[in-house]
Amino acid sequence: MAKFLKVTPTIQRFQCNPQELSVLAGDFSRCLMPGDWIFLIGDLGTGKTTFVQEVAKTFDIKDKVTSPTFSLIQEIEVSSSWTSVKKILHLDLYRLKYPKDLYYLGLESLFDKTKSIVFIEWPDIFSKEDWNNFFALTQCTEPSRMIQIKISYAEKFRDYEIVTVSKEGF
Ligand SMILES: Nc1ncnc2c1ncn2[C@@H]1O[C@H](COP(=O)(O)OP(=O)(O)O)[C@@H](O)[C@H]1O
Ligand SMILES: [Mg+2]
(Lines give C-alpha, C1' and ligand atoms only; values in the text may rest on other atoms or scores of the structure.)
(Ligands and ions follow the chains in the order given, each with its own letter.)
Protein backbone atom coordinates (compact mmCIF):
# COMPACT_ATOMS: atom_id res chain seq x y z
CA MET A 1 0.00 0.00 0.00
CA ALA A 2 2.83 2.40 0.77
CA LYS A 3 3.32 2.77 -2.98
CA PHE A 4 0.26 5.00 -3.09
CA LEU A 5 1.10 7.12 -0.08
CA LYS A 6 2.00 10.58 -1.28
CA VAL A 7 1.11 12.55 1.81
CA THR A 8 0.03 11.75 5.33
CA PRO A 9 -3.34 10.07 5.08
CA THR A 10 -6.44 11.73 6.43
CA ILE A 11 -8.69 9.40 8.36
CA GLN A 12 -12.40 9.85 8.80
CA ARG A 13 -14.74 7.60 10.78
CA PHE A 14 -18.46 7.11 10.44
CA GLN A 15 -21.11 4.86 11.95
CA CYS A 16 -24.15 4.13 9.80
CA ASN A 17 -27.12 1.84 9.67
CA PRO A 18 -28.38 0.85 6.19
CA GLN A 19 -30.63 3.94 5.96
CA GLU A 20 -27.91 6.38 6.97
CA LEU A 21 -25.46 4.73 4.62
CA SER A 22 -27.09 6.37 1.62
CA VAL A 23 -26.10 9.79 3.01
CA LEU A 24 -22.49 8.70 3.50
CA ALA A 25 -22.46 7.10 0.04
CA GLY A 26 -23.86 10.30 -1.48
CA ASP A 27 -21.18 12.47 0.14
CA PHE A 28 -18.52 9.95 -0.81
CA SER A 29 -19.57 9.71 -4.46
CA ARG A 30 -19.36 13.48 -4.88
CA CYS A 31 -15.70 13.30 -3.83
CA LEU A 32 -14.81 10.64 -6.39
CA MET A 33 -12.77 11.46 -9.46
CA PRO A 34 -11.84 9.36 -12.48
CA GLY A 35 -8.68 7.41 -11.77
CA ASP A 36 -9.63 6.65 -8.15
CA TRP A 37 -9.21 3.16 -6.74
CA ILE A 38 -11.23 2.31 -3.65
CA PHE A 39 -10.07 -0.67 -1.60
CA LEU A 40 -12.79 -2.18 0.60
CA ILE A 41 -11.46 -4.07 3.59
CA GLY A 42 -13.62 -6.07 5.98
CA ASP A 43 -14.79 -9.57 6.87
CA LEU A 44 -17.43 -11.49 4.95
CA GLY A 45 -20.80 -9.85 5.50
CA THR A 46 -19.52 -6.54 6.83
CA GLY A 47 -21.15 -4.56 4.00
CA LYS A 48 -18.53 -4.09 1.27
CA THR A 49 -20.89 -4.91 -1.62
CA THR A 50 -23.68 -2.89 0.00
CA PHE A 51 -21.38 0.13 0.10
CA VAL A 52 -20.67 -0.14 -3.63
CA GLN A 53 -24.40 -0.56 -4.35
CA GLU A 54 -25.22 2.59 -2.38
CA VAL A 55 -22.52 4.59 -4.14
CA ALA A 56 -23.74 3.29 -7.51
CA LYS A 57 -27.28 4.44 -6.68
CA THR A 58 -26.10 8.01 -6.24
CA PHE A 59 -24.59 7.81 -9.73
CA ASP A 60 -28.05 7.04 -11.07
CA ILE A 61 -27.21 3.62 -12.44
CA LYS A 62 -29.98 1.86 -14.32
CA ASP A 63 -28.68 -1.70 -14.04
CA LYS A 64 -28.83 -3.53 -10.73
CA VAL A 65 -25.46 -3.77 -9.04
CA THR A 66 -24.88 -7.36 -8.07
CA SER A 67 -22.09 -8.91 -6.09
CA PRO A 68 -19.20 -9.90 -8.38
CA THR A 69 -18.26 -12.80 -6.07
CA PHE A 70 -18.60 -15.27 -8.95
CA SER A 71 -17.95 -13.04 -11.94
CA LEU A 72 -14.94 -11.44 -10.17
CA ILE A 73 -15.45 -8.22 -12.08
CA GLN A 74 -18.48 -6.11 -12.90
CA GLU A 75 -18.54 -3.13 -15.22
CA ILE A 76 -21.13 -0.41 -14.63
CA GLU A 77 -21.70 2.46 -17.05
CA VAL A 78 -22.48 5.87 -15.54
CA SER A 79 -24.45 8.43 -17.52
CA SER A 80 -24.97 11.14 -14.85
CA SER A 81 -23.98 14.58 -16.08
CA TRP A 82 -22.87 15.96 -12.68
CA THR A 83 -19.80 13.71 -12.53
CA SER A 84 -16.87 13.06 -14.82
CA VAL A 85 -16.89 9.41 -13.70
CA LYS A 86 -18.24 7.39 -16.63
CA LYS A 87 -17.52 3.85 -15.54
CA ILE A 88 -17.45 1.95 -12.25
CA LEU A 89 -15.46 -1.27 -12.09
CA HIS A 90 -16.34 -3.50 -9.16
CA LEU A 91 -13.98 -6.36 -8.34
CA ASP A 92 -14.27 -9.11 -5.75
CA LEU A 93 -10.92 -10.86 -5.42
CA TYR A 94 -12.01 -13.33 -2.74
CA ARG A 95 -11.97 -16.29 -5.10
CA LEU A 96 -8.65 -15.52 -6.74
CA LYS A 97 -6.19 -18.16 -5.63
CA TYR A 98 -2.93 -16.77 -6.90
CA PRO A 99 -1.66 -13.23 -7.33
CA LYS A 100 -0.79 -14.04 -10.97
CA ASP A 101 -4.54 -14.42 -11.61
CA LEU A 102 -4.74 -10.64 -11.34
CA TYR A 103 -3.27 -10.47 -14.83
CA TYR A 104 -6.17 -12.45 -16.29
CA LEU A 105 -8.83 -10.01 -15.08
CA GLY A 106 -8.27 -7.81 -18.10
CA LEU A 107 -8.33 -4.75 -15.90
CA GLU A 108 -5.79 -2.99 -18.08
CA SER A 109 -8.23 -2.89 -20.98
CA LEU A 110 -11.22 -1.93 -18.82
CA PHE A 111 -9.62 0.75 -16.67
CA ASP A 112 -9.37 4.18 -18.25
CA LYS A 113 -7.85 6.64 -15.81
CA THR A 114 -9.77 9.54 -17.37
CA LYS A 115 -13.18 7.87 -17.00
CA SER A 116 -13.15 4.97 -14.56
CA ILE A 117 -13.15 4.35 -10.85
CA VAL A 118 -12.45 0.93 -9.35
CA PHE A 119 -13.89 -0.65 -6.19
CA ILE A 120 -12.00 -3.70 -4.96
CA GLU A 121 -13.31 -6.10 -2.34
CA TRP A 122 -10.61 -8.26 -0.68
CA PRO A 123 -7.59 -6.30 -2.03
CA ASP A 124 -5.68 -7.37 1.07
CA ILE A 125 -5.27 -10.94 -0.17
CA PHE A 126 -2.56 -9.49 -2.42
CA SER A 127 0.65 -7.98 -1.20
CA LYS A 128 2.07 -4.63 -2.21
CA GLU A 129 4.54 -6.48 -4.46
CA ASP A 130 1.72 -8.22 -6.32
CA TRP A 131 0.12 -4.88 -7.11
CA ASN A 132 3.47 -3.39 -8.12
CA ASN A 133 4.00 -6.33 -10.49
CA PHE A 134 0.49 -5.95 -11.80
CA PHE A 135 1.14 -2.35 -12.81
CA ALA A 136 4.60 -3.16 -14.07
CA LEU A 137 3.60 -6.13 -16.22
CA THR A 138 0.29 -4.90 -17.62
CA GLN A 139 -0.59 -1.72 -19.42
CA CYS A 140 -2.86 -0.74 -16.55
CA THR A 141 -2.29 2.83 -15.46
CA GLU A 142 -1.78 3.35 -11.77
CA PRO A 143 -4.55 4.95 -9.75
CA SER A 144 -4.51 8.73 -9.39
CA ARG A 145 -5.63 8.34 -5.81
CA MET A 146 -6.15 5.40 -3.51
CA ILE A 147 -8.92 5.41 -0.94
CA GLN A 148 -9.05 2.69 1.67
CA ILE A 149 -12.28 1.89 3.47
CA LYS A 150 -12.19 -0.45 6.45
CA ILE A 151 -15.63 -1.73 7.39
CA SER A 152 -16.29 -3.50 10.66
CA TYR A 153 -19.31 -5.05 12.33
CA ALA A 154 -21.44 -3.40 14.91
CA GLU A 155 -24.85 -4.51 16.15
CA LYS A 156 -27.27 -2.70 13.82
CA PHE A 157 -24.83 -0.52 11.96
CA ARG A 158 -21.33 -0.63 10.58
CA ASP A 159 -18.18 1.31 11.38
CA TYR A 160 -16.49 2.86 8.34
CA GLU A 161 -12.93 4.13 8.46
CA ILE A 162 -12.10 6.06 5.29
CA VAL A 163 -8.50 6.89 4.52
CA THR A 164 -7.49 8.88 1.50
CA VAL A 165 -3.96 9.35 0.35
CA SER A 166 -4.38 12.14 -2.14
CA LYS A 167 -2.81 15.59 -2.07
CA GLU A 168 -6.25 17.16 -2.39
CA GLY A 169 -7.63 15.54 0.70
CA PHE A 170 -11.11 14.15 0.82
N1 LIG B 1 -24.35 -0.12 7.39
C2 LIG B 1 -24.93 -1.29 7.61
N3 LIG B 1 -25.59 -1.51 8.78
C4 LIG B 1 -26.19 -2.70 9.00
N5 LIG B 1 -26.19 -3.74 8.14
C6 LIG B 1 -25.55 -3.57 6.97
C7 LIG B 1 -24.89 -2.36 6.63
N8 LIG B 1 -24.33 -2.49 5.41
C9 LIG B 1 -24.64 -3.72 5.00
N10 LIG B 1 -25.37 -4.38 5.91
C11 LIG B 1 -25.88 -5.76 5.78
O12 LIG B 1 -24.81 -6.67 5.88
C13 LIG B 1 -25.07 -7.82 5.08
C14 LIG B 1 -23.87 -8.21 4.25
O15 LIG B 1 -23.58 -7.16 3.35
P16 LIG B 1 -22.63 -7.36 2.07
O17 LIG B 1 -22.56 -6.01 1.46
O18 LIG B 1 -23.10 -8.47 1.22
O19 LIG B 1 -21.25 -7.75 2.75
P20 LIG B 1 -19.83 -8.13 2.10
O21 LIG B 1 -19.82 -7.67 0.67
O22 LIG B 1 -18.83 -7.39 2.96
O23 LIG B 1 -19.69 -9.61 2.25
C24 LIG B 1 -26.31 -7.50 4.25
O25 LIG B 1 -27.40 -8.20 4.77
C26 LIG B 1 -26.48 -6.02 4.41
O27 LIG B 1 -27.84 -5.64 4.37
MG1 LIG C 1 -19.30 -8.73 -1.10
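The questions and answers below go through the fold, the sheet, the core and the ligand shell of a predicted model.

Residues are numbered from 1 along each chain as its sequence is written, while chains are lettered from A and ligands numbered from 1 in the order in which they are written. In this predicted model, local features need pLDDT of at least 70 and side-chain atom pairs count only at pLDDT 80 or more, whereas totals for chains, interfaces and linings use all residues.

Q: Which pattern does the protein chain follow along the sequence?
A: Helices (H or I, at least four residues) and strands (E, at least two) are taken as DSSP runs, numbered from the N terminus. On that basis the protein chain has 4 helices and 7 strands. Read along the sequence, their order is β-α-β-α-β-β-α-β-α-β-β.

Q: How many bridges join strand 2 to strand 6, and in which sense do these strands run?
A: Strands are said to pair if DSSP finds at least two bridges between them. Strand 2 (residues 36-41) also pairs with strand 5 (residues 116-121) in the parallel sense, over 4 bridges. With strand 6 (residues 145-153), where isoleucine 147 stands opposite isoleucine 38, the strand 2 pairing is parallel and counts 6 bridges.

Q: How many residues of strand 2 are buried?
A: A residue is buried if 20 or more other C-beta atoms, placed from the backbone, lie within 10 Å of its own. Across the protein chain of 170 residues, buried ones make up 31%. Strand 2 is mostly covered, the buried count being 5 of its 6 residues.

Q: Which residues does phenylalanine 119 touch, leaving aside those up to four places away in sequence?
A: A nonpolar core is a set of buried Ala, Val, Leu, Ile, Met, Phe, Trp, Tyr and Cys residues joined through C-beta atoms within 7 Å, and Phe119 is among those touching the most other members of the largest one, which has 30 residues. Contact likewise requires C-beta atoms, placed from the backbone, within 7 Å. By that criterion phenylalanine 119 touches Ile38, Leu40, Val52, Ile88, His90 and Leu91.

Q: Which element supplies the largest share of the shell around ligand 1?
A: Taking a residue as near if its C-beta atom, placed from the backbone, lies within 6 Å, 16 residues surround ligand 1, with Gly47, Lys48, Thr49, Thr50 and Arg158 the closest. Helix 1 (18-30) and helix 2 (48-58) each supply at least two residues of this shell. The largest share, 3 residues, comes from helix 2.

Note on methods: A residue is buried if 20 or more other C-beta atoms lie within 10 Å of its own, exposed if 12 or fewer, and partly exposed in between; C-beta atoms are placed from the backbone. Two residues are in contact if their C-beta atoms, placed from the backbone, lie within 7 Å.
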